Amino acid sequence: MIILLGAPGSGKGTQSRLLAQRDGFKVFALGEILRSEIANSTHYGKTIEASIKKGEFAPLEIVISLLKQHVMHKDFVLDGFPRNMSQVFEFEKFIHENSSIDFDKSVKVIDFIVPCEILCDRLKNRRLCKVCDGALLCEAKECNFCGHYSEDAYMRDDDCNCESVARRLEIFHQEKDLLIEHYSKKGIYHAVDATQQVEEVYAEVKSIIA
Ligand SMILES: [Zn+2]
């Protein structure tokens with residue numbers, strides 16, 4: 001199991017898609033799942049939307065029950081979860097109770113390091129595929145992941161303005177040091193320079209999980 005740790009815009013989503021396409025990993029992309037709950041106005045969606053509007057994380061019990069709907073096995077990539085220490089503890093308890101995975105032996109945490117200025121630029125220029133939500137390169141004619149023609153790619157609302165980008169990065173950085181310390185103690189923390197090209201980052205990720 002791989003936990004991808006990295007700010008919005010650090011390329012986690014792109015790498016988890018590559019791991020799914022090329023290596024058969026299943027991906028639990030929390031942000032996408034939460035957005036689709038909101039878009040479909042589900043019971044959860046309404047609660048999640050209210051939390052996000054207040055600038056808080058989605059309620060932990062909802063996240064855990066969304067996790068339960070996805071099969072847990074070792075070829076799993078977690079993108080965007082867990083993000084803070086209460087999520088970390090709840091998640092590790094969940095794995096312990098619901099799977100045979102030996103957390104400290106079979107989990108790798110990969111941190112995508114990108115300086116803040118570059119993240120802001122990336123998010124402000126980010127376009128997402130309308131069909132699969134994959135991030136597109138500016139000059140791409142079609143989606144790298146599903147082949148959809150990229151002309152109708154869209155921007156996420158919270159990518160459009162500097163204020164919401166800055167707030168998301170701030171929330172992310174508040175707890176990150178604690179997560180790094182926690183995973184380093186377990187000996188499962190790995191950092192990758194995610195300012196590199198997509199294929200170079202992928203090659204490093206592969207060498208970590210090899
Ligand atoms: Zn696509």
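**Pro59**

I started at Pro59, which sits in the loop between α3 (43-53) and α4 (60-68). The model is predicted, so I kept the confidence values for a later entry. Is Pro59 buried or exposed? I find a relative accessible area of 17%, and because buried means under 20%, Pro59 counts as buried. I then looked up its partners beyond four places in sequence: Pro59 is in contact with Thr47 and Ser51. Thr47 is 12 residues from Pro59 in sequence, and I note 8.0 Å between their C-alpha atoms.

**Glu92**

Next I went to helix α5 (residues 85-98), where Glu92 is found.

**Phe81 to Pro82**

Pro82 is in the loop between β3 (76-79) and α5. The peptide bond from Phe81 to Pro82 is cis, and I read omega near -10°. I marked this bond for the record, because most peptide bonds are trans.

Most residues other than glycine have a negative phi, which is why I wrote down the exceptions.

Ser41 has a positive phi of about 45° and is not a glycine. I place Ser41 in the loop between α2 (30-39) and α3. With 45% relative accessibility, Ser41 counts as partly exposed.

Asp133 is also not a glycine, and here I read a positive phi of about 70°. Asp133 belongs to the loop between β5 (127-128) and β6 (135-136). Its relative accessibility is 22%, so I class Asp133 as partly exposed. The class follows because the buried label needs a value under 20%.

**Cys116**

Where does Cys116 lie? I find Cys116 in helix α7, which covers residues 116-124. Cys116 is partly exposed, at a relative accessible area of 35%. Leaving out residues up to four places away in sequence, I count Leu169 and His173 as residues that Cys116 touches. I also took a distance to Glu170, which is 54 residues from Cys116 along the chain: the two C-alpha atoms are separated by 9.9 Å.

**Ser164**

I moved on to helix α9 (residues 162-186), which holds Ser164.

**Confidence**

I went back to the pLDDT values. The protein chain has a mean of 87, and 97% of its residues reach 70 or more. Which element has the lowest mean pLDDT, and which the highest? The lowest is helix α8 (residues 157-160), with 75. The highest is strand β7 (residues 189-193), with 97.

**Whole chain**

I count 10 helices and 7 strands in the protein chain. How does the radius of gyration stand against that of a compact globule? The chain has 17 Å, and a compact globule with 210 residues would have a value near 17 Å, so the two agree. Along the principal axes, the C-alpha atoms fill a box of roughly 45 × 40 × 30 Å.

I looked up burial for the chain as well: 43% of the 210 residues count as buried. The accessible surface comes to about 11200 Å², and I note that 51% of it belongs to carbon and sulfur atoms.

For contacts with a separation of 6 or more, I find that 70% are between residues 24 or more positions apart.

My last entry is on charge. The chain has 27 positive and 33 negative side chains. I find the centres of the two sets 3 Å apart.

Methods. Residues are numbered from 1 along each chain as its sequence is written. This is a predicted model: local features need pLDDT of at least 70, side-chain atom pairs count only at pLDDT 80 or more; totals for chains, interfaces and linings use all residues. Side-chain values use heavy atoms; hydrogens and water are left out. Helices (H or I, at least four residues) and strands (E, at least two) are DSSP runs, numbered from the N terminus. The radius of gyration is taken over C-alpha atoms; the globule rule is 2.2 Å times the number of residues to the power 0.38. Buried means under 20% relative accessible area, exposed over 50%, partly exposed in between (1.4 Å probe, protein chains only). Contact means heavy atoms within 4.5 Å. Accessible areas come from the Shrake-Rupley method with a 1.4 Å probe; for residues, only the protein chains shown count as cover. Lys and Arg count as positive and Asp and Glu as negative; His and the chain ends are not counted. The place of a charge is taken as NZ of Lys, CZ of Arg, CG of Asp or CD of Glu. pLDDT is the predictor's confidence in each residue, from 0 to 100.
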